[in-house]
Amino acid sequence: MQHDPRCGAILCAAEEELAPFLPHLAEEQRLSRAMLTLHIGRIGGLRMVLAATGMCKVNAALAVQTVLDTISPDFVLNAGTAGGMSPALGLFETAVTTECAYHDVAEAILTESHPHLPSVWFASDPDLLAACRRAAERTPGRVHFGRTVTGDVFIEQDGRESIIERFDPVCCDMETAAAAHFCHAMLVSFNCVRAISDTEDEAGLGSFEKNVAFAAQKAFDGVCAVLSEL
């Protein structure tokens with residue numbers, strides 16, 4: 001990181017994913033910006049801003065921009081739930097992103113034209129990733145580190161094998177790469193901690209809706225362990 005992380009942001013796609021964090025936010029103030037509600041306060045020794053971004057890439061990018069304009073956080077953590085893509089992940093286990101990419105954007109769009117990236121992958125901040133690894137050593141349950149892919153659709157069975165073959169991800173969601181992309185452009189530290197709400201055997205929107213509350217609590221536990229390492 002470029003400076004001491006005294007202020008951070010936690011962004012979740014859905015209100016249900018953000019809900020476990022709100023009772024733990026001290027000195028809370030609320031601001032309305034860009035059709036978003038920003039919850040600003042303190043978690044432990046850190047000043048934090050929390051927001052439910054809405055689902056999909058555009059909403060995630062808009063939320064990051066809004067948060068950066070409002071409090072200039074030292075880091076952004078994307079949290080909540082994700083679909084498991086690796087057979088190693090079970091329901092409600094935790095996935096930490098080491099790098100992320102879009103599964104529904106052609107590589108040349110990012111590498112051969114603006115922003116002329118060296119690859120399609122956005123690497124997680126190394127200091128945040130190190131904090132995640134320290135937290136994982138003392139967190140109950142299995143924590144998996146690996147790639148996340150992002151696209152504007154819930155993955156059920158159609159397209160799953162192609163995504164796995166092309167990207168070899170541990171999980172898939174609809175926001176992470178867009179948030180990482182924006183943070184990369186703005187030189188802000190980024191990482192993602194999510195819990196698995198659906199798998200190949202129990203896939204898609206229906207499984208998300210059934211499992212989101214419990215998975216969100218698991219993601220909250222993981223993020224809090226990471227914050228204690230900063």
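1. Ser-197 lies in strand 10, which runs over residues 189-198. The model is a predicted one. With a relative accessible area of 1%, Ser-197 is buried. Its side chain joins that of Asp-198 in a polar contact of 3.0 Å. Leaving aside residues up to four places away in sequence, Ser-197 touches Thr-81, Ala-82, Leu-91, Ser-207, Phe-208, Asn-211 and Ala-215.

2. His-39 belongs to strand 3, residues 36-43. This histidine is buried, at a relative accessible area of 6%. Which side chain makes a polar contact with the side chain of His-39? That of Glu-28, at 2.7 Å. Glu-28 is also among the residues that His-39 touches, once those up to four places away in sequence are set aside. The others include Leu-18, Leu-22, Leu-25, Met-48, Val-49 and Leu-50.

3. Now the aromatic pairs. The structure holds four. In one of them, Phe-21 and Phe-220 have ring centres 5.1 Å apart and planes at 80°, so the pair is edge-to-face. The cut-off for that class is over 60 degrees. This pair links distant parts of the chain, 199 residues apart. Phe-21 sits in the loop between helix 1 (15-18) and strand 2 (26-33). Phe-220 sits in helix 7, residues 205-227.

4. Trp-121 and Phe-167 form another pair. Their ring centres are 5.9 Å apart and their planes stand at 80°, so this pair too is edge-to-face. Here the partners are 46 residues apart, and the pair again links distant parts of the chain. Trp-121 is in the loop between helix 3 (107-111) and strand 7 (122-123), while Phe-167 is in helix 5, residues 160-167. Is Trp-121 buried or exposed? At 18% relative accessibility, Trp-121 counts as buried, because buried means under 20%. Phe-167 is buried at 8%.

5. Two arginines lie over rings. The charged end of Arg-147 sits over the ring of Trp-121, 4.0 Å from its centre. Trp-121 is the tryptophan paired with Phe-167. Arg-133 lies over the face of Phe-145, with 4.3 Å to the ring centre.

6. Helix 4 covers residues 126-137. The buried residues of helix 4 include Leu-128, Leu-129, Ala-131, Cys-132 and Ala-135. These five cover an arc of only 155° around the axis, so they are on the same side of helix 4. Pro-126 and Glu-137 are exposed on the other side. At the start of helix 4, a side-chain oxygen of Asp-125 comes to within 3.0 Å of the backbone nitrogen of Asp-127.

7. Arg-138 is placed in the loop between helix 4 and strand 8 (143-150). It counts as partly exposed, at 48% relative accessibility. With residues up to four places away in sequence not counted, Arg-138 touches Ala-225, Ser-228 and Glu-229. Its side chain makes a polar contact of 2.9 Å with the side chain of Glu-229. Arg-138 and Ala-225 are 87 residues apart in sequence, yet 8.3 Å apart in space, C-alpha to C-alpha.

8. Helix 5 has buried residues Arg-160, Ile-163 and Phe-167. They cover an arc of only 65° around the axis, which puts them on the same side of helix 5. What do the buried residues of helix 5 pack against? Strand 5 (75-84), strand 6 (94-102) and strand 8. The face turned away from the buried side carries Glu-161 and Glu-165, both exposed. Just after helix 5, Asp-168 takes a positive phi of about 50°.

Note on methods:
Residues are numbered from 1 along each chain as its sequence is written. This is a predicted model: local features need pLDDT of at least 70, side-chain atom pairs count only at pLDDT 80 or more; totals for chains, interfaces and linings use all residues. Side-chain values use heavy atoms; hydrogens and water are left out. Rings of Phe, Tyr and Trp (its six-membered ring) pair if their centres lie within 6.5 Å; planes under 30 degrees apart count as stacked, over 60 as edge-to-face and the rest as tilted. Helices (H or I, at least four residues) and strands (E, at least two) are DSSP runs, numbered from the N terminus. Buried means under 20% relative accessible area, exposed over 50%, partly exposed in between (1.4 Å probe, protein chains only). A charge sits over a ring if NZ of Lys or CZ of Arg is within 6 Å of the ring centre and within 35 degrees of the ring normal. The expected span of a helix is 1.5 Å times one less than its number of residues. The arc is that of the directions from the helix axis to the C-beta atoms. A polar contact is a pair of N or O atoms within 3.5 Å; within protein, one must be able to donate a hydrogen and the other to accept it, and residues adjacent in sequence count only if both atoms are side-chain atoms. Contact means heavy atoms within 4.5 Å.
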